[in-house]
Structures are given as C-alpha cells and as structure tokens.
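The following report describes one protein model, beginning with a surface feature and ending with the chain as a whole.

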Amino acid sequence: MKYKVPIYMVALLAILVFAGIVLAVIPPPPVNQNMGMYDTLFLNFTESKCRNCHASGVPDTHHNLVATGEYGCMNCHPALPDGSGVMLVRDCLQCHNNTFNGMAIRKPHHESPAALDGHCKTCHGSVVDNYDDGHYIPTYPPSSMTPDTKFKVVNQTSGRKWGGCESCHEQDLTATPFIADNNKTHHRLGNLSGFKNNDNTKCEMCHDMHNGTYGSDSIRYCERCHSYNSLHNIQWDIANTTSQPGYGHLGPNDCQGCHASYVAGSLAPGSDIIVPNIDSISSNNVIEGSPKMLTIYGDNFVTTVDGVTRSSVVMVTGGASDITIPPNNISSNRIVVTLPPLSKGFYGIHIHKDGNAESNTKPLVSAPNVIINSAIKVDPATVTIAGSGFGTYDTAYKDFVNVTIHTGSTLRSLQITNWSDTSITVTSSDAIIGDTATVNSVYRSNSSQITS
C-alpha cells in the first residue's frame, strides 16, 4: 500500500527505522483476543462460541419465558411429524438470527434497548463508554499526537502500521473464527449500525455526515464510545503483562502503536483503575430463593498502579434494584462470592472496581426449585403431590416432564389427572405407602416417599 505523509511524518518514519530493534518486539496485528468480545462477526459464530458466555442456565432461561406468556412449549419444541417425539434444539444459531417453527427470532445482541441507545457498557463494561454519559472528549482539533482512526505511517517493506487503530486492530482470515477488521465489526451491528434496514440516520452516531466539526472519520467521533479514560485503562492481566507489548494499551511500545511519536513510559497518562474482565463463572444459574456460592474467573479484579491498589465488588443487575456483594475471597484473577437469594427471573453479573470501572456482564438466571411438601395416598387409587416449582404439563412432553412412582427398580403404572405449579394428582392402582414419587419438571427433579 502507498501512503503519502507530510514532511514531519517522513522525519518520524526515519526515527522509527532507527528504533527498529526496539519496535520489532511488538507482535504484529491482529490484536490479542484475550479480553472483551472476540473481533468476529455473528455470521461466523458457532454454538461453541456462544457457550463461552452461555455455558449453563440456558434451559432455565428459555423455560422462564413460558411463565411470561410470551412463548409456549410448542414454540420451541414442536412435535415431530412422525409422532415419535418432540424436537430438541441445542444449537443456538438454529433459532437466533433465523426463522424457526414459523418464528423470526432476532439476534440476541445489539438489538436490545440498551444497545440501540448506545449504552454499550451494559454488556461490555468499561472497555467502552456509553454514548451519552457526558465523558470527556477533547474539543481541540486532532494533533500529530492524536491517534488516527486508521494509521499515520506505514512501513512500506513490512506493511506494519503506526499511529492509529489499525496498528493492532487488523483482520486475520486464518484465525478460527476469523478476526474481522474495525470496518466490519462496526458496520455489522444489526439495527445499531443502520445497515439492516438501510437507516442511514444511525451512521451519524459514528460519522456526523453533515455539518460536522471534523471529517466524517475523525477520532473525535470514535471517542463518543472509546474515550481517553477507557482506552488508557485496557490491559489484559496487567499484573503479568506490563512488560509485554500487544496485550492492551499499556505495555511497552503500545504507546507508539496509537501515537507513533513518543514513548510515554510504562503506563499511559490517565491509567488508574484498570478495567476488570470476566472470562467465566462457575455457574450461570441459581435456584430461586436460595443463596449460592459462585467462583468468577478473569483478570484485573485487584490491581496496583503507581502504588495505589484498587479492588472490586460483585454486582447483580436486573432485579428491582442492583445488588452489591463484597467477595468472600478475591485475587487478581479469581473471586469467590455468595449470591443472596434471588427471585425467579433474568439477571446479569459483573465486577465493579472502585465505583468506576466495570467488567463485561455475564448472564445469570434464577429458576424455581422443585419442592415436594407431601406425597399422600388419599384413596386406594389416588396419590396427591403438593409443593411448588412443578411448572406446566403437556402430554406431548411426557418423556421429559412427568411423575414416576417406584419401589426399588420396579415402576408403578400411573396416569396424571391434574397438574399445576403447586399440586399434582395421579391415579395408580398399584402404588403403595412407602413407594418413592418423583416429579420431573421443566426445571429440575425431586423425590419424596408416599405417606398415608
């Protein structure tokens, strides 16, 4: 690629050539994918990549939708044409961003109200900024020190770029899934970017196409979501990578990647509360009304910069009010925390450091437990089971949602005559006192001994 540069850039390029021994230690692009969302497109996602965030709790999440009345069992599990059973789908992409069983199901990302309002931190945490949160954006024109949205100079021999985002954020078509460049990742955001429905008013969020103070690709517009404060606090596993380039914005020589004109030192100006990052949690689902201990894995939960140590708490969002939970135990890359009892519903869990920096959010679902208070043989052929969390019953799903009565390995014959969330009645002529009755609900199972 040929690129014309002004005379001061020619001088800068000469300096970079002489400093080649130092700069050569920087890994070539693309940027490491250790932190934040993987830079690919949803069309390249596979189910295994979905499970990186949605590892557990997925059935409970979907089954909770039945209680809202928005969906029924048959929407997701239609009967097979030959009558042999019902359809069980385990591949997220077979439904999401697709048409399944007559339902056009949207993408799960970038279509929520928070996303469409530009409130990116809701899911991504403090690696980005909310579009309208009033964070600082310089009002002076970009200078020679200001990063370019692409790059300022390029080594014509190696193709290595300096002075802008493309110094690190480049595509890699050989990666699995492939790593996309900034143009693709920002222009393929569903309704958020406007391409899906040809809504060019969405372009102005990033470009200011008409009457803008700067050019349509100015860094000042990028800073609406990627500010000085968030950019200068991004570094994966800072406790172990401050001496290594290419793991964020704070390693040696990472400064030149963006600024390409000076060495700012080991840390960039403004670095203070390094953004925490969650890789995984031990479980994405909890039982309604019961506390649960979770282990959260990631990095930058506790950091020390310039002699100041910052620590974190756990936040649960999505309920009537946000819940702040001090950890039982915390290190730079691991948190053990006990969640308080939660009502049935959908939640998010993230790390909050010193009241400012937020991690990415992981999904959390609270679903009912199956509780059997009693299983009583009320007459020679009737057993009544009382409790809660039984959910709903449909004969189409009797292989999954049902009641069994057994003694040892011997199953009793029975017929379900009534089923509600709190009571089940079955008829069984051979069930006896002392047998074990098991309720298999849409959520989970529980057993109790039949009494008189």
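In this predicted model, Tyr136, Tyr140 and Tyr228 form a nonpolar surface patch with about 370 Å² of accessible area together. A patch joins residues with over 30% relative accessible area and no salt bridge, like charges within 9 Å and nonpolar side chains (Val, Leu, Ile, Met, Phe, Trp, Tyr) within 5 Å. A salt bridge is a side-chain nitrogen of Lys or Arg within 4 Å of a carboxyl oxygen of Asp or Glu. Accessible areas come from the Shrake-Rupley method with a 1.4 Å probe, and for residues only the protein chains shown count as cover.

Local features need pLDDT of at least 70 and side-chain atom pairs count only at pLDDT 80 or more, while totals for chains, interfaces and linings use all residues. Residues are numbered from 1 along each chain as its sequence is written, and side-chain values use heavy atoms, without hydrogens and water.

Two residues are located as follows; helices (H or I, at least four residues) and strands (E, at least two) are DSSP runs numbered from the N terminus.

Buried means under 20% relative accessible area, exposed over 50%, and partly exposed in between (1.4 Å probe, protein chains only). Cys203 is 10 residues from Ser193 in sequence, with 6.5 Å between their C-alpha atoms.

The protein chain has 12 helices and 24 strands, and 40% of its 452 residues are buried.
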